[in-house]
Amino acid sequence: MAATSKEEIAADFIGFWKNFITLFSTQNRKVYIMGQSYAGYYTPYISAAMLDAANTTYWDFRGAMLISRILTGLDETLQSSVSAASFIAKNNAVLDFEEPYVDFMYNQSKVCGYDDYLSRYLVYPPAPGPLPLPFALGEDGFTSGHCDIRGYLGRAASYMNQCFDPYNILNSCPPRSNVLDSPIESGETPYFNRTDVKRPLHIPATTQWQLGGRLVFANSTDEVKQNDNSLMPTIEVLPQIVEASKRTIIITGEMDTVVLHTGIE
């Protein structure tokens, strides 16, 4: 991967899209884009690139759907830890955290300024202008560990439930099978390693599927996970597509602890 920004990735994608449309003679079609999880970064940039191209023959962008998507940069504190205490308050009947630990996390949320932040900015009509960061950043660009309320939540939930599913706290033992994992505990072949899946995708039969990491951009390392020169999509491109499209839908699961719905709101 040679890209150093999401703008470059979007430019590559719409070039591929034009070639695809040309090859299969599907010009003048309405385009709707859907992205899930980490695609929450890419989908707004690709959508904005289609709008900027101003050519409806190939890129007649009409709307987008973002599902449980990551939208904020840094260590995702803005969409996760800020609202973790409110998530615990609503769902501790399921999480079953002991009262002293709940009180500890409530206190950390207050000390870190998250409670005041939500009461000030999680309102309608919204406060004017971009939202400020709710925390002080260290030299590494991350917030301090004691304000990682989402991390506290995950560790405590894993302790209370050995089969804790961070994407759905209602799940319990036995753990659900994930057809993308390799190997799968059930003994099934991972979906993308199946011959009948590889064949129509033109994947060599000898190529083995494995889950990828997040070292997406050029010069990314284990220390610098995303060497990305782009702004968070919430700064420019997401507002652009919301204003320009017929419909933009943003969905987050209410029982999901990875992408907390209150944080996205």
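In this account, a helix is a DSSP run of type H or I with at least four residues, and helices are numbered from the N terminus. The model discussed here is a predicted one.

The overall plan comes first. The protein chain contains 9 helices and 3 strands. Read from the N terminus, its elements follow the order α-β-α-β-α-α-α-α-α-α-β-α. Of the 265 residues in the protein chain, 38% are buried. Among the contacts with a separation of 6 or more, 68% are made by residues 24 or more positions apart.

Val82 is placed in the loop between strand 2 and helix 3. Is this residue buried or exposed? Val82 has a relative accessibility of 2%, and therefore counts as buried, since the limit for that class is under 20%. The C-alpha atom of Val82 is separated by 7.6 Å from that of Leu118, although the two residues are 36 residues apart along the chain.

Helix 3 comprises residues 84-95. A straight helix of 12 residues would span 16 Å at 1.5 Å a residue, yet helix 3 spans only 12 Å between its end C-alpha atoms. Its buried residues are Ala84, Ala85, Phe87, Ile88, Asn91 and Leu95. Seen down the axis of helix 3, these buried residues fall within an arc of 145°, so they line one face of the helix. The face turned away from the buried side carries the exposed residues Ala89, Lys90 and Ala93. The buried residues of helix 3 are covered by elements that include helix 4, residues 99-111, and helix 6, residues 149-160. Just after helix 3, Asp96 takes a positive phi of about 60°.

With 13 residues, helix 4 reaches 18 Å from its first C-alpha to its last, close to the 18 Å expected at 1.5 Å a residue. Its buried residues are Val102, Met105, Gln108 and Ser109. They cover an arc of only 125° around the axis, which puts them on the same side of helix 4. On the face turned away from that side are the exposed residues Glu99, Pro100, Lys110 and Val111. Helix 3, helix 5 (residues 114-121) and helix 6 are among the elements that cover the buried residues of helix 4. Gly113, which follows helix 4, has a positive phi near 85°.

Two packed helices are described by the angle between their axes and the distance between the axes. For helix 3 and helix 6, the angle is about 10° and the axes are 11 Å apart. Helix 3 is therefore roughly parallel to helix 6, a term used for angles under 35 degrees. Where the two helices meet, helix 3 contributes Ala84, Ala85, Phe87, Ile88 and Leu95, and helix 6 contributes Ile149, Arg150, Leu153, Ala157 and Met160.

Leu153 can now be examined in its setting. Because its relative accessibility is 0%, Leu153 counts as buried. Which residues is Leu153 in contact with, leaving aside its neighbours within four places in sequence? They are Ala84, Phe87, Ile88, Phe97, Met105 and Thr257. Of these residues, Ala84, Phe87 and Ile88 are among the buried residues of helix 3, and Met105 is one of the buried residues of helix 4.

Conventions:
Residues are numbered from 1 along each chain as its sequence is written. This is a predicted model: local features need pLDDT of at least 70, side-chain atom pairs count only at pLDDT 80 or more; totals for chains, interfaces and linings use all residues. Side-chain values use heavy atoms; hydrogens and water are left out. The expected span of a helix is 1.5 Å times one less than its number of residues. Buried means under 20% relative accessible area, exposed over 50%, partly exposed in between (1.4 Å probe, protein chains only). The arc is that of the directions from the helix axis to the C-beta atoms. Contact means heavy atoms within 4.5 Å. Axes are lines fitted to C-alpha atoms, for helices over the stretch in contact, and angles run from 0 to 180 degrees between N-to-C directions. Angles under 35 degrees count as roughly parallel, over 145 as roughly antiparallel, 65 to 115 as roughly perpendicular and the rest as oblique.
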